[in-house]
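Student: Hi! Could you walk me through this structure? I'd like to go bit by bit.
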Amino acid sequence: MGPGRAGLDTGDPGWRQSGMERLWQSDFRRLMDENTFTENFNNQGWPSKTFLCYMVERLDGDTEILLDEYKGFVRNKIRSWNLDRNQRYRLTCFISWTPCYNCAQKLTTFLEENRHISLHIFASRIYSVNDSGCHRSGLRALQERAGITIMTSEDFERCWVTFVDHKEKPFQPWEGLVVKSQELCDELQAILRDQ
């Protein structure tokens with residue numbers, strides 16, 4: 001999903017060797033360091049990594065039940081879950097980049113095979129390095145199965161409060177956040193409308 005190719009399972013051997021997998025599998029850490037969040041989610045820059053914060057809710061009629069065991073953050077991979085196919089779930093992701101073409105294809109396939117799961121992606125910025133435009137077609141295909149939006153100031157704050165070890169500090173929007181979010185939102189809408 002952009003730099004670092006975050007996704008359901010990209011098989012990135014560099015990531016496995018980094019020790020992050022051991023950290024994730026041990027479930028040692030549930031909150032992201034505030035500097036990691038700022039460096040990777042700030043929509044003004046171009047970080048080389050992709051981070052993804054996620055939470056899963058079970059939908060029961062009009063009730064949404066947050067499943068704490070399926071909440072956290074990762075870099076480059078989400079481990080497999082065995083969610084009951086007789087239940088309905090909503091997966092919400094806050095991600096530092098929109099999915100790249102390959103990851104968008106994998107997510108689309110995953111959602112087609114797991115219709116009991118709905119996905120909504122809140123992205124900090126748009127991954128558009130590929131000049132061929134295939135990232136655009138990947139996002140359009142994914143949009144048919146999932147909601148994709150650009151993070152607003154409120155979304156950044158929600159991510160900060162939910163996933164960051166902020167030590168009781170309130171979220172401080174950086175200069176230009178609102179303007180950049182609107183520019184990216186307009187760009188994403190144009191991508192999703194374009195055929």
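Tutor: Happy to! Let's begin at Cys53, which is buried, with a relative accessible area of 0%. Keep in mind that this is a predicted model.

Student: Okay. Is Cys159 buried or exposed?

Tutor: Cys159 counts as buried, at 0% relative accessibility.

Student: And how many disulfides are there?

Tutor: The count comes to zero disulfides. Cys53 is in no disulfide, and its nearest cysteine sulfur, that of Cys159, is 3.8 Å away. A disulfide needs the two sulfur atoms within 2.5 Å, so the 3.8 Å between the sulfur of Cys159 and that of Cys53 is too far for a bond.

Student: Got it. Let me zoom out, then. How many helices and strands does the chain have?

Tutor: It has seven helices and seven strands. From the N terminus on, the order is α-α-β-α-β-β-β-α-β-α-β-α-β-α.

Student: What share of the residues is buried?

Tutor: Of the chain's 195 residues, 46% count as buried. There is also something to say about contacts: among those with a separation of 6 or more, 80% come from residues 24 or more positions apart.

Student: Let's pick a strand. What about β5?

Tutor: Strand β5 covers residues 117–123, and five of its seven residues are buried, so the rest of the structure largely encloses it.

Student: Which way does β4 run beside β5, parallel or antiparallel?

Tutor: Parallel: seven bridges join β4, residues 88–95, to β5.

Student: What about β6?

Tutor: β6 spans residues 146–150, and it pairs with β5 over five bridges, also in the parallel sense. There, Ile121 stands opposite Ile148 in β6.

Student: Where do the side chains point in a strand?

Tutor: In a regular strand, they alternate between the two faces of the sheet.

Student: Good to know. What do β4, α4 and β5 make together?

Tutor: They make a right-handed β-α-β unit, with helix α4 at residues 101–113.

Student: What does Thr108 touch?

Tutor: Leaving out residues up to four places away in sequence, Thr108 touches Ala141, Leu142 and Arg145.

Student: New topic: α7. Which of its residues are buried?

Tutor: In α7, the buried ones are Leu177, Ser181, Leu184, Leu188, Ile191 and Leu192. Seen down the axis of α7, its buried residues fall within an arc of 90 degrees, so they line one face of the helix.

Student: What's on the face turned away from the buried side?

Tutor: That face of α7 carries the exposed residues Val178, Val179 and Arg193.

Student: And what covers the buried residues?

Tutor: The cover includes α5 (134–143), β6 and α6 (153–163).

Student: How does the length of α7 work out?

Tutor: Helix α7 has 17 residues, 177–193, and at 1.5 Å a residue they should span 24 Å. Its end C-alpha atoms are 24 Å apart, which agrees.

Student: Last one. Where is Lys167?

Tutor: Lys167 is in the loop between β7 (164–165) and α7. Its phi is near 55 degrees, a positive value in a residue other than glycine. Lys167 counts as exposed, at 55% relative accessibility.

Student: And Glu168, what is its phi?

Tutor: Phi of Glu168 is near 70 degrees, again positive in a residue other than glycine. Glu168 lies in the loop between β7 and α7, and it is exposed, with a relative accessible area of 73%.

Student: Thanks, I'll go and find these on the screen!

Key. Residues are numbered from 1 along each chain as its sequence is written. Side-chain values use heavy atoms; hydrogens and water are left out. Buried means under 20% relative accessible area, exposed over 50%, partly exposed in between (1.4 Å probe, protein chains only). Helices (H or I, at least four residues) and strands (E, at least two) are DSSP runs, numbered from the N terminus. Two strands pair if DSSP finds at least two bridges between them. A crossover is right-handed if, with the strands pointing away from the viewer, the path from the first strand over the helix to the second runs clockwise. Contact means heavy atoms within 4.5 Å. The expected span of a helix is 1.5 Å times one less than its number of residues. The arc is that of the directions from the helix axis to the C-beta atoms.
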